Amino acid sequence: MPSSNFPVTAVQQSRLSRVDFDQLGFGAIFSDHMFSMSYQNGEWINPEIQPYQPIALEPGVSMLHYGQTVFDGYKAFRGVDGEVRIFRPDMNAKRLHDSCRRLCIPIMDAAELSDIMIQATRQLIELDQDWIPRQLGQSLYVRPLIIGTEATLEVRAANSYRFLIMTSPVGSYFTNLGKGVSLRVEDRFTRAASIGGLGAAKTAANYAASLLPGFESKQQGFDQVLWLDGNEHRYVEEVGAMNIFFKIGGKVITPPLGGSILPGVVRNSVLTLLEDWGQPAEERRIAIDEVVQAFRALPGCQHRLPGRGL
Ligand SMILES: *Cc1c(COP(=O)(O)O)cnc(C)c1O
């Protein structure tokens with residue numbers, strides 16, 4: 001890990017006193033500082049930490065039109081011992097690197113990206129340590145973002161980019177954790193193509209595709225969409241912002257990574273833990289009908305199955 005620090009321009013006045021840590025919600029509040037780096041003339045340059053602030057972009061920037069943008073997300077937690085820990089950021093750096101490759105973003109090599117991202121995160125956390133929430137279930141969400149910044153209406157990879165890392169004190173993503181998360185099985189729309197699409201990249205297009213189905217699910221009283229494969233709408237893929245596991249007949253099962261679903265760090269961690277505990281999960285295709293059948297077989301569950309909702 002490089003110990004050299006990135007140059008810092010600190011805020012004149014912190015916004016921290018305006019934050020109500022009892023009402024954080026998810027992702028609406030940004031800490032005082034962000035990391036910024038640029039790509040110009042074939043080089044990644046000017047890594048620095050500066051006040052979180054608006055960035056200037058021409059309206060003709062192709063990213064705004066054609067979506068050449070990738071992001072990732074991970075969390076720093078304050079433990080009961082007071083120490084701050086970042087959950088497996090090396091995995092996120094690797095995924096961000098993979099996303100860049102898919103979106104034709106000329107990223108540095110994977111090890112260098114990981115070093116820069118983790119070092120920048122540590123420095124941001126140190127600088128904005130009072131923004132790290134203390135209540136159980138809260139954390140500091142870290143959001144790296146890479147966007148094309150070249151003004152051109154041609155459909156091609158940009159030749160200039162900005163790499164930003166911002167942080168946001170957050171409560172739980174779901175507000176009703178005690179009750180679990182209700183899912184609506186999506187049988188008309190598709191999140192990502194089954195073969196050769198963008199599903200494995202954390203890129204804007206996948207989330208744009210999910211907005212209308214997500215909105216309709218909310219209207220019908222569900223928290224999230226459960227996506228099926230894009231070919232037949234038959235096999236389970238994942239949920240809007242997380243991977244999914246089922247426990248059927250005593251076995252834990254999860255869909256395999258096949259390029260259409262996001263390779264989650266939590267997914268990887270769950271698989272690793274189950275393996276360590278001597279109860280390895282099965283990674284295999286799961287037809288939605290298998291899930292429905294298993295659900296119907298559970299005692300007392302029949303009456304809770306409205307249509308294809310689970
Ligand atoms: C980010 C994301 C996940 C979960 O990733 P983790 O690394 O486990 O947090 C799963 N699915 C989608 C669509 C995502 O965007």
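Is R88 buried, partly exposed or exposed, and what is its relative accessible area? R88 is partly exposed, at a relative accessible area of 28%; buried means under 20%, exposed over 50%, and partly exposed in between, computed with a 1.4 Å probe on protein chains only.

This is a predicted model, in which local features need pLDDT of at least 70, side-chain atom pairs count only at pLDDT 80 or more, and totals for chains, interfaces and linings use all residues. Residues are numbered from 1 along each chain as its sequence is written, and side-chain values use heavy atoms, with hydrogens and water left out.

**Backbone**

Most residues other than glycine have a negative phi. R88 has a positive phi, near 45°, and N41 also has a positive one, near 50°. N41 sits in the loop between β1 (33–40) and β2 (43–51), while R88 lies in the loop between β5 (84–86) and α2 (89–102). Helices (H or I, at least four residues) and strands (E, at least two) are DSSP runs, numbered from the N terminus. N41 is exposed, with a relative accessible area of 77%.

**Cysteines**

The structure holds zero disulfides, a disulfide being a pair of cysteine sulfur atoms within 2.5 Å. For C100, the closest cysteine sulfur is that of C104, at 11 Å, which is too far for a bond. C100 is buried, whereas C104 is exposed.

| Residue | Relative accessible area | Closest cysteine sulfur |
|---|---|---|
| C100 | 0% | C104, 11 Å |
| C104 | 52% | C100, 11 Å |
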